[in-house]
Every structure is written in C-alpha cells, then in structure tokens.
Amino acid sequence: MASVIGFRVLPFFVSNSENKYGGRVQVRSLGDADAKVLSSDSVVANGTTIGGERGKGGTSIDQGNGHLRPKAEEKRRVNDEALETLKPLWNDGYGTETVRDFFDMAKDIVKHDGGPPRWFCPVSCGRPLKDSPILLFLPGMDGTGLGLVLHHKALGKAFEVWCLHIPVHDRTPFEGLVKLVEETVRFEHALSSHKPIYLVGDSFGGCLALAVASRNPAIDLVLILSNPATSFGRSQLQPLFPILEAMPDGLHSAVPYLLSFIMGDPVKMAAVNIESSFPPGQRFERLSRSLTGLLPYLSGSDDIIPKDTLLWKLKLLKSAAAYANSRLHAVRAEVLVLASGKDNMLPSRDEAERLKNSLQDCVVRYFKDNGHTLLLEDGIGLMTVIKGTSKFRRSRRHSYASDFLTPSMTELNYACDQIIGLFRVATDPILFSTLEDGKIMKGLAGVPSEGPVLLVGNHMFFGLELPSLAEGFLREKNVMIRGLAHPMLFSRMFESSSSEFSITDWVKVFGAVPVTGSNFFKLLSTKSHVLLYPGGSREALHYKGEEYKLFWPDQQEFVRMAARFGATIVPFGAVGEDDVAEMLLDYNDLIKIPVVNDLIREAISQNTMKVRDETKGEVANPNLSFPLMVPKIPGRFYYLFGKPIKTKGREDILKDKQVANQLYLQIKAEVERNMAFLIEKREEDPYRSIVDRTLYKAMYAPTEVPAFET
C-alpha cells in the first residue's frame, strides 16, 4: 500500500531544506470533487510545492489532512464547505487500515529518507469538521510519524491532523525537536488563540509533548500520552542496552524483530480488522491468517530502524526522559495518560500513577491487555477514548452540548458486542410506540424524528433500560438521544491510575450530559432528542417493593422548558427489572448491619453533589446505596412510548403555572399507564422467558423474536 501524504517543512529548518526529501509519495488535493494527484516525488516545503501539480500551476501549501490551498489563503483555516456535525453511526474507518499498512508505508517513507524533521498530513484523514482544532502527533522510537495509522480516518473528522516525521538518519538533539514542536504550537496558537492544541505523544513523543507543555504554560494544550517514556530510566531492558552497542552488524537484523515482540503484542496487532462478532472458529481462523501475514513484516523492520539509528534513539530517549521529568512541575496542560498493562518495554502502569500525582490536571485510562505499542494494537479507538474522557473540545471550555460527536457504527457495534452483549441477549428488548390516532405498534414510528423532542419516563434499577433504549433509537431511527444524567458520573471522585475505560466513559460516548438547567436549555435549543428521568437516582436506586413506582418532584419546570422551545413531549414506560434480579437487602436493611452502616454513611458523605437544590421530600436528597441482589433466569425488557404531546404554540403553559402543572400530572399519569399496560401484556408474551426465546432462535435463525399482540 503506497503512503498518501503531504509534507511541510517549517521555517525552523529552512537552512537544511536543500537536502530535500527523496522518497516517492503521493500528495492528493481534496479541494475539488475530483481529487488530483501531484507527481509522486513532490513535497510541500516552506510553502512551495516541489515538483508541482500536474496540469495546474501556482504555489500551494499544505492545509491539513491532505489539503492544499493557495498561499494567499494560508491563514484561512476554515473551509466554507466543511461539515459542522457528524450524522449518527458515521463510518470511522477503524479496521480498514492495519499494522501491515503501517509497515508498508513506513518502508516507503524511509527510502532515501533525508532532510530535517518535518510535518505531514495524512490524506486518509479526509476533511475535518468546521472549526476543528489541530492535533499534532509526536512519534515514538520509529520516528516515522505513522503511529496513528489505525486512527487516521476517525481523528481526521474531528481534528486537523499533523504528524511529525523524523528521518532515519536525522540526528537533531532533543532540544532541537522541542523547539520545532514549540514553534509550530506557537504559530498555531497565534492563528487561533481560542482553540486548544492537541499533542498526542507516543512513548518518546510523550516526553516531547510534556517538554513543550512545560515551556508554554499560557497556551491551551491538551496532552494525550500513550505509554510515555518518562520512565525510561526504570525500563526493564536497561541491562540489555549496552549489549546492543557491542553487537556485530550481522546480528542486528534480529534486534528490531525481537524488540517488536517486546514492545507490542503481535496477536493484538493482527486482530485489528477482525470483527468480534464473528463465531469463535471463524475468528480464530482469520486471526491465524492475519498473524501469519504480519510476522514477515516484523522481521523486516530493521530497514526502519538501522543499528546506528537505534543506538541514537536510545540516547535520545535518555535525554528526553531526563528533560521532561525535570520540568513536570511547570506543566499546566490538560493531560490524559493511556497506560498498558502488558508493556514489556517500560513500567507504564507505575509511571501513570506517578504522573497522575505529579501533574496538576491528569487523568489515566488503563488498558490491561495491551503492550507498549498501544496505538497499533486492537482495542478501542483513540477517538473513542478522547470522547469518553470528555477531552474533545473546540474552545477553552468543554461543552457537553456543542462539543459532542455522535457515536460511529464501530462504537455502537463494539458497545453492543463487548460491553452489554450478554445482557442484551438475555433481556432481548422490544420497543412499542403510539401513533397520533392512539394505535400501539411495534417499533418507534410513533416517536417524532425531528426535534426538539423530550422523552420522559421511569428508571428501572441501575438504569438497566438505558443501553437498549439508546441502541433502539440509533438503529431504527438513526437518532441520537441525549440523556440528562447525575453529575456523579462525570466526576473524578472514584478515578485512579488503574481506571479502565468503563461503562461511565461509554455513557459519555453515547451522549449523556450532567443534568443541569443550562445543559437542558442548550440541548433543546439545538433541537435534540433529550432523555429525562424526573425520578433520577431515587428511582434508579429504589428500595424493596418499589419497582415501577415513580418518585417525581413537585416542580413542573421541565414542562415549561419544553414549551419554551416548542418541544414534543413523549412519555414512556419501561418494565423488566423484576424479571432479571431480586432484591434481598436494600438501604433500610444494610444500614442496620454493623460496620456496613459505617461504610454506607461514609460513601453518602463523600457524595456532596446535589442535583435539585429546591426540591423537597425524599427525592431531593435521598439516602442511596447499592443493595444486595440475586439474579434470576432472565425475562424480557419492554418499552412503550405514549402518544406525543405537542407544546408548540402553547403560550398558556409558559404564562400559567396551573396549566403547566396539569400537563405535568398528565405526563406522569401517562408514564404510569404505559408501565401498567406492559406489566399486563407481558403475561401474554409466549417468549418472555429466555428459554423460549433461545428455542425460537434455534428453530427460525437469528431473527427478531415476536412478542404479544397489541
């Protein structure tokens, strides 16, 4: 596979630009509908295209993500035709490029690789969204700048991606590389001071990112560090490094091959483009073929890192780690550390703990099954991690409303297969909705597709109904619902250096926002489908005997807010929790047990976040704890969306609180009727039991299992 990239040499290296890049690469212009290709040996250096575009004259410079633009337009960062948002279930391209593509492109890029370090913009990133921030990728030991190859297409939608390429025979000292990146950061900051600048540092690149951040505390930087090499002095391989210097040249070809197994997990690399939904036998067969095809690439990696380059990189790592560690106290940037549990190159987990304690604003996500080359291994995409940790933003402050990026098809499939897969199969949810004429039918045809829409319903225990609800709207209506959730889900109260990418992160990926009046206002103003549970955590953590009982506050403010934007309100009910588990001990029981009651009171005292300041009664500040439950043989989840209630043109709701209260009580009664209807009708479902559903699927293939007649 040929690499399709464009190069740009910054003014810092003008004096060295005579030693031009000699490799054959394609630089594609995406400005027109029909992409044009520059001559294969052309590059963009100091604002001038060397080699020129076929059939077209004029000077161009690299615009980002493979674009070229006229030099007169250099400072115009936003294209009028750029998309402003992504549609739900967009194609993020994950799995279309693999580690084999990385080696193919790396070998192509290092041929006759001369000249100074320089930036390139992968064409595979495509055109970013309007007002996208810039992302600078700082490579690891390989220096190719291709370490994000698995993530180019996804990142290219949200960022203007630039990658740093350090030629094989370049010997620029660490301080020189710091100045190069620093000059780029300051230049971009001068162009768009209101936008953050992202530095993604892989291993050695992590030291480089920290060094630049320490020297520029006033610039808004977001650092994403993948197994940063700041722990190089404590590397497990330190005793082996002197041996490399004395090793004969004839044996060196085996060193990169061995290092590839130490630094990464070949099995995880080979599994990148293999769907987790495949049957085990088919998945194993595909994995075997992929691994067999990958091994020859690993053995040929000595072309990418020759012996003299490897020795130089090890010295560079040592100086980089010392430089970065001496300046950690000066880092003011927002930092996300990605640490691997099977890193045989560096003690990355311990280093993540140290950095979390040393840096002012640091979050850690731990990937226990990955090796050192985390960004080249199978797992969650980098864009998903950025979204799940709320690190994506277009301005100085993160906005849960305007900075939200809808989930891709890859993210939905991963969440459904890997996160809620067994639970989803066990509960086999089925959704019903009510048409304008009052007829109930299977599916979501009765729910308006155009917003603003406010979905108001009941919480099942633990919010068990949420995953199937979100999936149903995405798959059937291609609509993203934005849930208003308890602020505790967005706090760092329970985070540590061993925090994995968990269900709380996935909740953010799928659109949850902290439940505040301002967020509610913003979502309705953007015509979103908003999901609201007036009973909140009191319903989600209810006591024994309170299944399907509503705990709503007295205030009807959500009704007035909906009327202000003319939103359509859709009441719904969900049942099924009593078919999957039975509660043995609730808060009232646990608080009577010695020692346990002290733990509960301590946990409650730590939860100082209040959602409703003025609400009275037990829904205002309930005493909540996780009960003791035992599972049942799973039944089925049922959802019923009632007849839509339109508020557009209802000025009386805004002017008369009594009218608003009547509508509020009407909505509450409708939710209760929906639950009562489902509880009664599920008795008529011949496939309510998982046993019956399993037999049905075995007989009629994996089709949707029917339910009761409406």
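This is a short tour of a predicted model, stop by stop, for you to follow in your viewer.

Residues are numbered from 1 along each chain as its sequence is written. Because the model is predicted, local features need pLDDT of at least 70 and side-chain atom pairs count only at pLDDT 80 or more, while totals for chains, interfaces and linings use all residues, and side-chain values use heavy atoms, with hydrogens and water left out.

**Whole chain.** Start with everything shown as a cartoon. You have 23 helices and 25 strands in the protein chain; these are DSSP runs (helices: H or I, at least four residues; strands: E, at least two), numbered from the N terminus. Of the 710 residues, 57% count as buried, that is, under 20% relative accessible area with a 1.4 Å probe, protein chains only. Contacts here mean heavy atoms within 4.5 Å. Among those between residues at least 6 apart in sequence, 81% join residues at least 24 apart.

**The largest core.** Next, select Phe-159, Phe-174, Leu-199 and Leu-223. These have the most contacts inside the largest nonpolar core, which has 111 residues. Such a core is a set of buried Ala, Val, Leu, Ile, Met, Phe, Trp, Tyr and Cys residues joined through side-chain atoms within 4.5 Å. Zoom in on Phe-174: leaving aside residues up to four places away in sequence, its neighbours include Phe-204, Cys-207, Leu-208, Leu-316 and Tyr-323. Cys-207 is itself buried, with a relative accessible area of 0%.

Now pick Leu-524, Val-575, Ile-645 and Met-675. They are among the 38 residues of another core, lying apart from the largest one.

**Helix α18.** Select residues 557-564, which form α18. How many of its eight residues are buried? Six are, so the helix is mostly covered: Phe-558, Val-559, Arg-560, Met-561, Ala-562 and Ala-563. Show what packs against them: β17 (453-457), α16 (517-525), β20 (529-532), β21 (568-575), α21 (651-655) and α22.

**α18 against α22.** From α18, the contact uses Phe-558, Val-559 and Arg-560, and from α22 Lys-657, Ala-660, Leu-663, Tyr-664 and Ile-667. By class, that makes six nonpolar, two charged and no polar residues.

How values were computed
Axes are lines fitted to C-alpha atoms, for helices over the stretch in contact, and angles run from 0 to 180 degrees between N-to-C directions. Ala, Val, Leu, Ile, Met, Phe, Trp, Tyr, Cys and Pro count as nonpolar, Asp, Glu, Lys and Arg as charged, and the others, Gly among them, as polar. Buried means under 20% relative accessible area, exposed over 50%, partly exposed in between (1.4 Å probe, protein chains only).
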